[in-house]
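Welcome! Here is a short briefing to read alongside the structure, with the main points grouped by topic.

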Amino acid sequence: RRTLAIWNILASAGRRTAVVGWWATYPAEDVGGGVIVSDALGHHGFGATARGSSDAGATHPPELFAEAEARMPVPHQVGSEFAQRFIDLDADELRRALFHPGRDARPDPDDPFHLFQLYAATAQGYTAIAEDLLARRDDDLFMVYFEQLDSLCHLFMKYAPPRLAWVHEASFARFHRVVTAWHGYQDELLGRVLAGVDLDRTAVLVLSDHGFKSGDRRIRSEQVVDMSRAHLDHDRFGILVAAGPHIRRGASIEGASVLDITPTLLYYLGLPVGRDMAGRVLLELFEPAFCDGRPVTYVATHEADPRASPRAVWDQDDQQRALAALGYVDDGEGSTEDDKEAVEASSPEIHNNLARSHLHAGDLERAAEAFERALELDPRNAAALLGLGSIARRRGLIEDAEHKVRQALQADPG
């Protein structure tokens with residue numbers, strides 16, 4: 001991470017933050033009187049975990065680790081009775097399909113039943129940890145991250161109704177309820193967390209960073225785990241739901257971005273917004289009376305505060321390896337020729353992501369090459385056109401930059 005997270009900014013302001021299960025929080029940072037239970041305790045993505053690494057880095061403060069880990073179930077505690085809420089197999093079939101240490105050396109990251117157990121155990125564990133912290137702490141900001149809905153959609157959305165022509169009937173019969181049933185279960189988990197919140201004095205925001213394609217818009221992928229095409233499952237629009245003191249009841253928020261959340265939270269907590277932040281304060285989220293006489297205040301940046309230290313900066317190779325591990329770019333290592341051809345043909349977004357990595361590192365030439373490759377796959381790709389426009393502007397080619405921006409607006413007026 002190259003910039004401060006909101007928990008760093010709040011810690012510098014003497015505020016307390018609790019962060020539970022947030023992705024990429026391992027190793028946990030010192031946030032003063034706040035706490036971080038990092039993503040190291042659970043399983044994420046396609047079964048990835050930092051369990052077995054240094055326990056000292058899993059939580060802040062380090063002494064929180066033992067009690068947090070005690071609330072995280074092991075995968076085989078997710079048994080057949082629970083799994084039947086989501087998967088249509090009888091109990092004996094499920095017992096044979098699910099991971100058990102008496103039969104399996106370790107959970108198989110390519111087995112959908114084993115992955116289901118890993119995700120369910122992680123969701124249950126972080127919920128229990130959040131309940132415990134809410135019961136005994138009073139923080140200015142409390143953050144809980146549930147990744148499991150995304151992970152399970154990657155695995156099982158292909159089996160959701162209506163059945164796609166290429167989905168086998170037997171697989172559809174087994175897994176057609178998983179996505180819908182997990183939405184219901186996720187609501188249960190949110191309800192457990194909210195039961196520990198005083199809603200008369202606490203604002204609650206529920207949000208996602210993207211949506212998920214369904215129906216006929218689903219991408220064909222017959223692999224259980226298809227890292228190279230995982231990003232194609234995502235839809236552009238997510239959700240933002242808010243309630244609590246000073247939140248406008250019944251308001252509709254249009255055009256919000258995840259980049260707006262940190263500025264909005266800082267404003268709500270009475271702290272200045274960094275002028276270098278890409279997002280804006282969502283003033284339309286709040287009652288007019290709350291905003292009257294409460295202008296947004298700014299500082300040039302929060303980055304200069306010596307009390308807040310961001311993560312060590314990754315070099316470009318580190319960034320590329322991380323993107324490849326998430327399936328967002330292709331690193332070429334260990335790939336067959338068929339794999340490489342599939343990645344090349346799958347989506348311009350892989351090349352856009354790689355271009356952004358090069359652009360962030362200041363390598364304009366390689367960034368331009370990657371954006372051009374995206375345009376070869378999709379000549380009307382607005383993101384690639386805007387990327388090339390940004391490169392032209394940096395090079396002082398203003399007319400070229402304006403031309404690319406006009407092309408992007410023609411391709412995607414929204």
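Which residue forms a salt bridge with Asp-88, and how far apart are the closest N and O atoms? The partner is Arg-177, and the closest N and O atoms are 2.8 Å apart. This pair links distant parts of the chain, 89 residues apart: Asp-88 sits in the loop between α3 and α4, and Arg-177 in the loop between α7 (169-175) and α8. Please keep in mind that you are looking at a predicted model.

**Salt bridges**

- Across the whole structure, a search finds 17 salt bridges.
- Both members of the opening pair are partly exposed: Asp-88 has a relative accessibility of 32%, and Arg-177 has a relative accessible area of 26%.
- Another salt bridge brings together the side chains of Arg-85 and Glu-188, at 2.6 Å from N to O.
- Arg-85 lies in the loop between α3 (80-83) and α4 (91-97), while Glu-188 belongs to helix α8 (residues 178-194), so this pair ties together parts that are 103 residues apart in sequence.
- Arg-85 counts as partly exposed because its relative accessibility is 36%, which falls between the limits of 20% and 50%.
- Glu-188 is partly exposed too, with a relative accessible area of 40%.
- The side chains of Asp-104 and Arg-103 also meet in a salt bridge, at 3.8 Å from N to O, and Arg-103 is partly exposed at 47% relative accessibility.
- Salt bridges can also form a network, as they do in linking Glu-67, Arg-71, Asp-132 and Arg-136.

**Space inside**

- Rolling a probe the size of a water molecule over the atoms shows where empty space is left.
- Searching the whole structure in this way turns up three cavities of 30 Å³ or more.
- The largest cavity holds about 170 Å³ of space.
- Its lining is made up of 16 residues, and those nearest the centre of the largest cavity are His-154, Lys-158, Ile-219, Ser-221 and Asp-233.
- By type, the lining of the largest cavity divides into seven nonpolar, three polar and six charged residues.

**Backbone points to look for**

- Most residues other than glycine have a negative phi, and most peptide bonds are trans.
- Tyr-26 and Pro-27 are joined by a cis peptide bond, with omega about -5 degrees, and Pro-27 is placed in the loop between β1 (17-20) and β2 (35-37).
- The loop between β1 and β2 also holds Ala-24, a residue other than glycine with a positive phi, near 65 degrees.
- A cis peptide bond also joins His-60 and Pro-61, again with omega about -5 degrees.
- His-60 is found in strand β3, and Pro-61 lies in the loop between β3 (59-60) and α2 (65-70).
- Is His-60 buried or exposed? His-60 counts as buried, because its relative accessibility of 12% is under 20%.
- Although His-60 and Asp-30 are 30 residues apart in sequence, their C-alpha atoms are 6.2 Å apart in space.
- His-246 is not a glycine, yet its phi is positive, at about 70 degrees.
- You can find His-246 in the loop between β8 (240-243) and α9 (261-268), where His-246 is partly exposed at 36% relative accessibility.

**A nonpolar patch on the surface**

- Leu-207, Val-258 and Leu-259 form a nonpolar surface patch, and together they have about 250 Å² of accessible area.

How values were computed: Residues are numbered from 1 along each chain as its sequence is written. This is a predicted model: local features need pLDDT of at least 70, side-chain atom pairs count only at pLDDT 80 or more; totals for chains, interfaces and linings use all residues. Side-chain values use heavy atoms; hydrogens and water are left out. On a 1 Å grid over the protein atoms alone, a cavity is a set of points where a 1.4 Å probe fits but cannot get out, and a pocket is an open set with protein on both sides within 12 Å along at least five of seven lines; lining residues have an atom within 4 Å of a point. Grid points are joined across faces, edges and corners, and a volume is the space filled by probe spheres set on the points. Ala, Val, Leu, Ile, Met, Phe, Trp, Tyr, Cys and Pro count as nonpolar, Asp, Glu, Lys and Arg as charged, and the others, Gly among them, as polar. Helices (H or I, at least four residues) and strands (E, at least two) are DSSP runs, numbered from the N terminus. Buried means under 20% relative accessible area, exposed over 50%, partly exposed in between (1.4 Å probe, protein chains only). Patches are made of residues with over 30% relative accessible area and no salt bridge: like charges are joined within 9 Å, nonpolar side chains (Val, Leu, Ile, Met, Phe, Trp, Tyr) within 5 Å. Accessible areas come from the Shrake-Rupley method with a 1.4 Å probe; for residues, only the protein chains shown count as cover. A salt bridge is a side-chain nitrogen of Lys or Arg within 4 Å of a carboxyl oxygen of Asp or Glu.
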